[in-house]
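Here is a short note for a colleague opening this structure for the first time. Please read it with the model on screen.

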Amino acid sequence: MAHRGIEIVDFFRPACNRKNLFMTNIVTGMEAIDVEDQLHCKFSQFGLLHEVQVFKSKLQGKGDNSDQPSETTTFYAFIKFYSLYAAARALHDLNGKCFIGEKCCKLTYAKRQKGPEEPYCLSVSQCVDLASYYMGFNGWSTEIRLLEKDSNEENEGALESEIATIRYMCVVTLYITGHLLSCQGFGAWEEKYHKTTIDPKDRITLVGKTKKIATQRAKQNAFSKLLLIILPNGKVTVEVNTMIPDYFPVNDEQDNQKLLKVNELNKEPETNDEDVDDVLHNLQDLQENIEVNQS
């Protein structure tokens, strides 16, 4: 297995095939959920898992399977890591050695994507898991700086009072303890309701839902700006990616289509290649110093 270098882990859904392992020849009498639990237990020892997906093979019952008991089922699975090196270690250590049921399973890198995916931010719970895994439970914290209702309540319909929109905006600050770093995230959410027919209790519930989702979107946006830099000795440092924009879908339709993004600026942003070079040089110097200290 190749020598480990510096790795950067972000808070977006892993899309690289080198982080995604494909397992076949899972022949067992267990249910799919039990297979998933076993795989999660076996592979999580190598690093934090993004997801484990188990599927029943479409070739089940086809061909010459006379040596396979009728009460068993054949599955295949995808095991997705956040870290390239965690996936590589798992492949190296478990390929040809992993048994689910009585047969040895086959393990390789997945080849699922036909083209690059659009980056998709992790859910809040996944962001919390990833941050806590690499920085510790006390290595970060969030603070709600603003949670405010949009004072301009919109009305739609033949009569202005028929349908109204309630919208909340939220700003969250994410603090990285010990690194003297922080970044802010923005989120917004809206819900529509019939003003003339809604029950007061239902409106209170709707307000609570709108506040909650706006806060979740703000936290997602803040986490999406973090870069976890995993050093060869396993230590972790953190940087803020200032190139990540504030994007905030405000309803279910925009959330599904991811249409609403900040993409109009008064002027073109200034880019400075020297800043990028400085960061790369600093990372190289850091790795050299670690190697010297270890020797």
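**Notes on the predicted model**

1. Start with a cysteine. Cys121 is buried, at a relative accessible area of 8%. Its sulfur has a cysteine neighbour: the closest cysteine sulfur belongs to Cys127, 4.6 Å away. That is too far for a bond. Keep in mind that this is a predicted model.

2. How many disulfides does the chain have? The count comes to zero. Cys98 is in no disulfide, and the nearest cysteine sulfur, in Cys105, lies 5.0 Å away. A disulfide needs the two sulfur atoms within 2.5 Å, so the 5.0 Å between Cys98 and Cys105 rules one out there. Cys98 also counts as buried, at 2% relative accessibility.

3. Now step back to the whole chain. It has 295 residues, and 36% of them count as buried. The secondary structure comes to six helices and 11 strands. The accessible surface is about 18000 Å². Carbon and sulfur atoms hold 50% of that surface.

4. Look at how the chain meets itself. Take the contacts with a separation of 6 or more: 71% of them join residues 24 or more positions apart.

5. Which residues have the most contacts inside the largest nonpolar core? They are Leu21, Met23, Ile26, Leu39, Phe43, Ile79 and Phe81, in a core of 25 residues. Several elements give two or more residues each: β2 (20–28), α1 (32–43), β3 (49–56), β4 (73–81), α2 (84–94) and β5 (106–109). Helix α2 gives the most, with six residues.

6. Leave out residues up to four places away in sequence. Leu21 then touches Phe43, Ala77, Phe78, Ile79, Phe81, Ala87, Ala90, Leu91, Leu107, Thr108, Tyr109 and Ala110.

7. Is Ile176 buried or exposed? Ile176 is buried, with a relative accessible area of 3%. Set aside neighbours within four places in sequence, and Ile176 is in contact with Met135, Gly139, Trp140, Leu181, Leu226 and Val238.

8. Follow strand β8 itself, residues 163–176. The strand is mostly covered: 11 of its 14 residues are buried. It pairs with β6 (residues 140–149) in the antiparallel sense, over nine bridges. On that side, Lys149 stands opposite Tyr168 in β8.

9. Which strand do 14 bridges join to β8? Strand β9, residues 181–194, is the partner, and the two run antiparallel. Ile163 stands opposite His194 in β9. β8 and β9 form a hairpin, with four residues between them. Check the turn at Gly178, where phi is positive, at about 85°.

Terms used
Residues are numbered from 1 along each chain as its sequence is written. This is a predicted model: local features need pLDDT of at least 70, side-chain atom pairs count only at pLDDT 80 or more; totals for chains, interfaces and linings use all residues. Side-chain values use heavy atoms; hydrogens and water are left out. Buried means under 20% relative accessible area, exposed over 50%, partly exposed in between (1.4 Å probe, protein chains only). Contact means heavy atoms within 4.5 Å. Accessible areas come from the Shrake-Rupley method with a 1.4 Å probe; for residues, only the protein chains shown count as cover. A nonpolar core is a set of buried Ala, Val, Leu, Ile, Met, Phe, Trp, Tyr and Cys residues joined through side-chain atoms within 4.5 Å. Two strands pair if DSSP finds at least two bridges between them.
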